[in-house]
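I opened this model to look up a few local features and wrote down what I found. The entries are in the order in which I worked.

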Amino acid sequence: MGSDPQYIKYPDLALAQHVFNLSNPSCSQTVRQTSLKRLQDAISEHKMAPFYRHLAHPVEGILNNSGEGVTQHPHPSGPSNSTKSLIASNMLASRKSPQKIDFPWDEALYQSLVEDNKKDLETFQKEEDEAQEAAGETEVLAARGKRAEFWARVGDKDKAIESHEELLEKTTFLGTKIDLSLAMIRIGLFFGDAIYVKKSIERADALIESGGDWDRRNRLKAYKGLHLLTIRSYNLAAPLLLDSLSTFTSYELCSYSALVIYSVLAGSLSLKRVDFKAKVVDAPEIKAILGSTEDRLAALTGEVSSGPSARDEEMKDASTTRTTPAPATTAVNLSNFTTGSGVQAETEAAVDFSPLANLVDSLYNGNYRSFFVGLAAVEDQFLTQDRYLYEHRAWFVREMRLRAYQQLLQSYRVVGLNSMANDFGVTVDFLDRDLAKFIASNRISCTIDRVNGIIETNRPDDKNKQYADVVKHGDALITKLQKYGQAVRLRGSERG
């Protein structure tokens, strides 16, 4: 029970992404076939009998049409009676998985996996019995830890959570407790259980505050950032994810390329303009990935740095001619920039970051036509392909359009409708309808005059608002004081 991270190998979150790919209509046929092959290989290699049943069973399997209508409730059962097992999960992109790929069910394979699972459990039980008779508490916990990892490896959510909870209660070492809590967070992420993830993060946070070391504290930061991203709290996720870039070692959670994508998307949506420049546009860790060749070399050699002193540029005029930014290098192999700790970082496939780089550059520089093109590319390449981003893709695109509209309109009192539509590369009718939705929900303070073809911004008067707030709160305070005075007088008369 040393200080090195433990229980970080299972579950393998990449397998959850492969399950998502099989059910994602936006994934290509090639990607789905590759995911199917990797899932089959992993099930055979890791003897994942419960997980195989959960996916492919003719009646209960979530990837088979006949199993889609089955209500999935947790049922405490092991491989020996797993014919009654139903695992609760939220792993699919949509209610119906694509018809072109069906996960084949092999009863003989399943039974062989069940037998292998029984043998492993018997071995773990024997080790635990021997440790209780001839060894100490540390050896007993080690044997129980193998059983907990086993359930996480084979993909039985309920048994994995139960065994980890029991082990957490028996363990006395703080570092091991934190590692178990992080493992339980990954179990929740694997099966898409946001409520359980939130509960596990709160417990891990309490353990970290009681004396967690630097490495585990940084790991939890990345875990919290990813969870916040999945529940659409981009404003809270952005600082955690961006801070994790320079100290990232949680390769059991996601790849470094995925962290870069999550960080840039969260920062682009939620950060104020000055912070956006300092923490995203000029951040060395991001310039090393999204920047041009010169920017990447400068970032890697430490010639550029970001911080609060980073100078913000003025907003460009809406009528000025905007140039399309030069595209970033089409693909970057991030294994060149990362080093592993605990779980060795695998060689990552080259990722085309050019849509993301275009989105960041065009948003900051006010190249709105290019921004809309980049936003569409980001949706196609990243938002629709990632299991954590897929559910919120429409919301993200809408909020990014809102941010671009707000950024342009805040610089002017009057903007021509045709001019703004031309700036964004859309029709006047589309811009009119899109702005109307945000105006109706009080997200943008402006009015549209279609007769004169202009948009007039209504800047909120801060002083009047502050005065109205003081009057409102003052009235409430006076009312409370009057009620308090009446109560005091009543008590005084009673005493008299």
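**Entry 1. Whole chain**

I note at the start that this is a predicted model. I looked up the secondary structure and found 21 helices and three strands in the protein chain. The chain has 496 residues, and 49% of them count as buried. I then took the contacts between residues at least 6 apart in sequence, and 65% of these join residues at least 24 apart.

**Entry 2. Helix α1**

I went to helix α1, residues 13–23, and asked how many of its 11 residues are buried. The count is 10, and the helix is mostly covered. The buried set includes Leu 13, Leu 15, Ala 16, Gln 17 and His 18. Further along α1, Val 19, Phe 20, Asn 21, Leu 22 and Ser 23 are buried too. I looked for what covers these residues, and the cover includes α2 (29–46), α3 (49–56) and α8 (174–191). At the N-terminal end of α1 I found a cap: a side-chain oxygen of Asp 12 lies 3.1 Å from the backbone nitrogen of Ala 14.

**Entry 3. Glu 128**

I picked Glu 128 next, which sits in helix α5, residues 107–134. Is Glu 128 buried or exposed? Its relative accessibility is 8%, below the 20% cut-off, so I file Glu 128 as buried. I then checked what its side chain meets. There is a polar contact of 2.9 Å with the side chain of Arg 144. A polar contact of 2.7 Å links the side chain of Glu 128 to that of Arg 147. With neighbours within four places in sequence set aside, I list Val 140, Ala 143, Arg 144 and Arg 147 as the contacts of Glu 128.

**Entry 4. Met 400**

Met 400 belongs to helix α18, residues 393–409. I read a relative accessibility of 0%, so Met 400 counts as buried. Which residues is Met 400 in contact with, leaving aside its neighbours within four places in sequence? I found Ser 268, Leu 269, Leu 359, Leu 363, Phe 371 and Leu 375. For Leu 359 I also looked up the separation: Leu 359 and Met 400 are 41 residues apart in sequence, and their C-alpha atoms are 9.9 Å apart in space.

**Entry 5. Helices α17 and α19**

I looked at how α17 (residues 368–383) packs with α19 (residues 417–424). The angle is about 45 degrees and the axes are 5 Å apart. The two helices are therefore oblique to each other. On the α17 side the meeting residues are Tyr 368, Arg 369 and Phe 372, and on the α19 side they are Asn 422, Asp 423 and Phe 424. I sorted this contact by class and got three nonpolar, one polar and two charged residues.

**Entry 6. The sheet**

I traced an open sheet of three strands, in the order β1-β3-β2, and its pairing is antiparallel.

I then went through the pairs. Three bridges join β1 to β3 (residues 454–457). Within this pair, Val 415 is opposite Ile 455, and Gly 416 has Ile 454 as its bridge partner. Helix α20, residues 428–440, packs on the sheet and touches β2 and β3. I recorded about 145 degrees between the direction of α20 and that of β2.

β2 and β3 form a hairpin with four residues between them. In the turn, Gly 453 has a positive phi of about 70 degrees.

Last, I compared the two faces of β3. In a regular strand the side chains alternate between the two faces of the sheet. In β3 I found Ile 455 and Thr 457 on the covered face, with Ile 454 and Glu 456 on the uncovered one.

Conventions
Residues numbered from 1 in each chain as written. Predicted model: local features only at pLDDT ≥ 70, side-chain atom pairs only at ≥ 80, totals over all residues. Heavy atoms only, no water. Buried < 20%, exposed > 50% of the residue type's maximum accessible area, 1.4 Å probe, protein only. Polar contact = N/O pair within 3.5 Å; in protein donor to acceptor, adjacent residues only side chain to side chain. Contact = heavy atoms within 4.5 Å. Axes fitted to C-alpha atoms, helices over the stretch in contact; angles between N-to-C directions. Parallel < 35°, antiparallel > 145°, perpendicular 65-115°, else oblique. Nonpolar A, V, L, I, M, F, W, Y, C, P; charged D, E, K, R; others polar. Pairing = 2+ DSSP bridges.
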